[in-house]
Amino acid sequence: MENLPETQMPADKWVRGGTGAAPEARRPVPPPAPVKRESTLASILWAVALALLIRVFLFEPFNIPSTSMVPNLLIGDFLFVSKFSYGYSAKSIGYGLFDFPGRIVAKHMPERGDVIVFKLPTDPSIDYIKRLIGLPGDRVQVIHGVLNINGQPVTRTPLGPMHYHDETRDVDFQKYDEFLPNGVHHDIVEESDDGPLDNTPEYTVPPGYYFMMGDNRDNSQDSRVMSKVGFVPYENLVGKAEIIFFSLGDDTQPWEIWKWPFAIRYGRLLHSIK
């Protein structure tokens, strides 16, 4: 039988091996597997769902826009708030996901000295961050700049002057170490002891409410300003501020990435909040 030229051999029957190799049967080549686009989309959706679950029920990031918590929190600080610290309420979960009264799964009650993010009572769409000073039933008053709780002035130890600069002004403070009745202590600053918020009436905290104050005592709209903040309901508490995970100084905006190497406050990264 006459051999056909190689170019005339049926392509689905023969292949050429190496030089001088005998022809052998060609195995059918399977078609390429189709890309499973639906599995990629599902992975993305699962990742988004997980991120939302963490944000809604575990840790939510916040950034500091004002000087009300100087010297402990600065403009440009980014922090994580633990949303499970005091259990959950409809306001703390947010996003309109649930509507129920009170709080659930509350294992720990708020304590004096906790730094807390809460929904502003006069406008729950706004988040505030302050320090918890008065518990339900407490009597709170400021007299010549000194905090009084239940008729007793708290101890504050002078720590010397402090100069502060931000994008709006330069200011000189007097810094103190303030000791609350439960032994918790923290730094506060005062411009003077005779400002508008340095002499207040005595406030009695109602049941189910809390009294909040900023650490920058002369520059904080807090529970002393009854028309704006006043007493904060238990269900308005969003969570406890835990840790600073990022911080930008020098009036740098987060989107100005090219400034980060010089603007990041490296000493504040992963700094626990007290």
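Which side chain does a polar contact of 2.8 Å join to that of Arg-131? I looked this up and found Asp-215. A polar contact here is a pair of N or O atoms within 3.5 Å; within protein, one must be able to donate a hydrogen and the other to accept it, and residues adjacent in sequence count only if both atoms are side-chain atoms.

**Ground rules.** I noted that this is a predicted model, where local features need pLDDT of at least 70, side-chain atom pairs count only at pLDDT 80 or more, and totals for chains, interfaces and linings use all residues. Residues are numbered from 1 along each chain as its sequence is written, and side-chain values use heavy atoms, with hydrogens and water left out.

**Overall.** I listed three helices and 15 strands in the protein. Helices (H or I, at least four residues) and strands (E, at least two) are DSSP runs, numbered from the N terminus. Of the 274 residues, 40% are buried. Buried means under 20% relative accessible area, exposed over 50%, and partly exposed in between (1.4 Å probe, protein chains only).

**Arg-131.** I placed this residue in strand 4, residues 123-134. Arg-131 counts as buried because its relative accessibility is 0%. Its side chain also reaches the backbone oxygen of Lys-274 at 2.9 Å. Not counting residues up to four places away in sequence, Arg-131 touches a list of residues including Met-69, His-186, Phe-211 and Asp-215. Contact means heavy atoms within 4.5 Å.

**Gly-76.** I found Gly-76 in the loop between strand 1 (59-63) and strand 2. Is Gly-76 buried or exposed? It counts as buried, because its relative accessibility is 15%. Beyond residues up to four places away in sequence, Gly-76 touches Ile-64, Phe-246, Ser-247, Leu-248 and Arg-265. I also checked Asp-250, which lies 174 residues from Gly-76 along the chain, and the C-alpha atoms of the two are separated by 9.0 Å.

**Nonpolar cores.** I then turned to the largest nonpolar core, which has 13 residues; Leu-73, Leu-79, Val-115, Ile-129, Ala-241 and Ile-273 touch the most other members. Such a core is a set of buried Ala, Val, Leu, Ile, Met, Phe, Trp, Tyr and Cys residues joined through side-chain atoms within 4.5 Å. Strand 2 (77-82), strand 3 (115-120) and strand 14 (237-247) are the elements that give two or more residues to this core. Strand 14 gives the most, with three residues. Leu-73 is in contact with residues including Ile-64, Leu-79, Val-115 and Arg-268, leaving aside its neighbours within four places in sequence. A second, separate core of 12 residues includes Tyr-128, Tyr-210, Val-232 and Tyr-234.

I traced an open sheet of three strands in the order 8-9-10, with antiparallel pairing. Its edge strands, strand 8 (155-165) and strand 10 (185-190), each pair on one side only. Two strands pair if DSSP finds at least two bridges between them. I noted 10 bridges joining strand 8 to strand 9, residues 170-179. Which residue of strand 9 stands opposite Thr-155? I found Phe-179 there.

**Thr-200.** My last entry sits in the loop between strand 10 and strand 11 (203-204), where Thr-200 has its place. Thr-200 is buried, with a relative accessible area of 10%. Leaving aside its neighbours within four places in sequence, I found Thr-200 in contact with Gln-141, Val-142 and Arg-224.
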